[in-house]
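Please open the structure in your viewer and keep the selection tool at hand. The stops below say what to select next and what is there.

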Amino acid sequence: MARQLFDLYLVTDRHHTSGRPLLEVVEQALQGGVDAVQLREKDLCARELIALAGRLRTLCDRHGARLLINDRIDVALAVGAAGVHLPADSFAPSDARRLLGPQALIGVSTHSLAQAQTAQLDGADFIVCGPTFDTPSKRGFGPPLGLEALAQITRTVQLPVLAIGGITADRIAAVRAAGAPGVAVIGAVLEAADPQLAAAALRASLSAPI
């Protein structure tokens, strides 16, 4: 049985907050029930990224949430983040583990069953799988996998699987029925008029019986 780490994972993109400060939006999302945040701001220099990560770490700690850093092991170490999230073409999880230690959380983005199996073999703690549904932010990864492929992945690997791509509160029941215990979201929360309310709606769907 896969060990559940968290089930509502917010991936940041400060260019999709409708002009609002990222930290303000993330805090509202945390108030609404987000229990993990991935800092993914690839266009920032190391100094800016570390400064932002430090402030996000404080926010996450205040709300009992985990902070993971996309791809940047150095930044994760610098701010004492809970771990890193690796793109499919990044470091092997085993290499990240050697640098971060046994307590770190290591997530991996996957876009196929083969990638999910590789991530498991390489020692990932969880995977994010998608795009599940069509969404503009994930079209570069190819057509949506769909619920059947998601179900095949959840049946095959023994890691927690979080679905990403086109996730809405109304779609969570189907995602959970396919075996994914949680979701990762970007626009569903960051672009919402009320990020706290949007996160709370996702949290309610994750907590509902299926």
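## A tour from the cysteines to the helices

Begin by selecting Cys-45, which is partly exposed, with a relative accessible area of 39%; here buried means under 20% relative accessible area, exposed means over 50%, and partly exposed lies in between, with a 1.4 Å probe and protein chains only. Keep in mind that this is a predicted model, in which local features need pLDDT of at least 70 and side-chain atom pairs count only at pLDDT 80 or more, while totals for chains, interfaces and linings use all residues. Residues are numbered from 1 along each chain as its sequence is written, and side-chain values use heavy atoms, with hydrogens and water left out.

Select Cys-129 next, and you will find that Cys-129 is buried, with a relative accessible area of 0%. The structure holds zero disulfides, a disulfide being a pair of cysteine sulfur atoms within 2.5 Å.

Now select helix α1, residues 22-32, together with helix α2, residues 46-62; helices (H or I, at least four residues) and strands (E, at least two) are DSSP runs, numbered from the N terminus. The two helices pack at an angle of about 20 degrees, with their axes 10 Å apart, where axes are lines fitted to C-alpha atoms, for helices over the stretch in contact, and angles run from 0 to 180 degrees between N-to-C directions. That makes α1 roughly parallel to α2, because angles under 35 degrees count as roughly parallel, over 145 as roughly antiparallel, 65 to 115 as roughly perpendicular and the rest as oblique.

To see how they meet, select Leu-22, Leu-23, Val-26, Glu-27 and Leu-30 in α1, which touch Leu-52, Arg-55, Leu-56, Leu-59, Cys-60 and Arg-62 in α2; contact means heavy atoms within 4.5 Å.

Staying on α1, select its buried residues, among them Val-25, Ala-29 and Gly-32. The buried residues of α1 pack against β1 (8-11), β2 (36-39), α2, α8 (187-190) and α9 (195-207).

On the α1 side the contact is made by Val-25, Gln-28, Ala-29, Gln-31 and Gly-32, and on the α9 side by Pro-195, Gln-196, Ala-199, Ala-200 and Arg-203.

For the last stop, select Ala-173 in helix α7, residues 172-177. Ala-173 is partly exposed, with a relative accessible area of 43%, and Ala-173 and Ser-205 are 32 residues apart in sequence and 6.9 Å apart in space, C-alpha to C-alpha.
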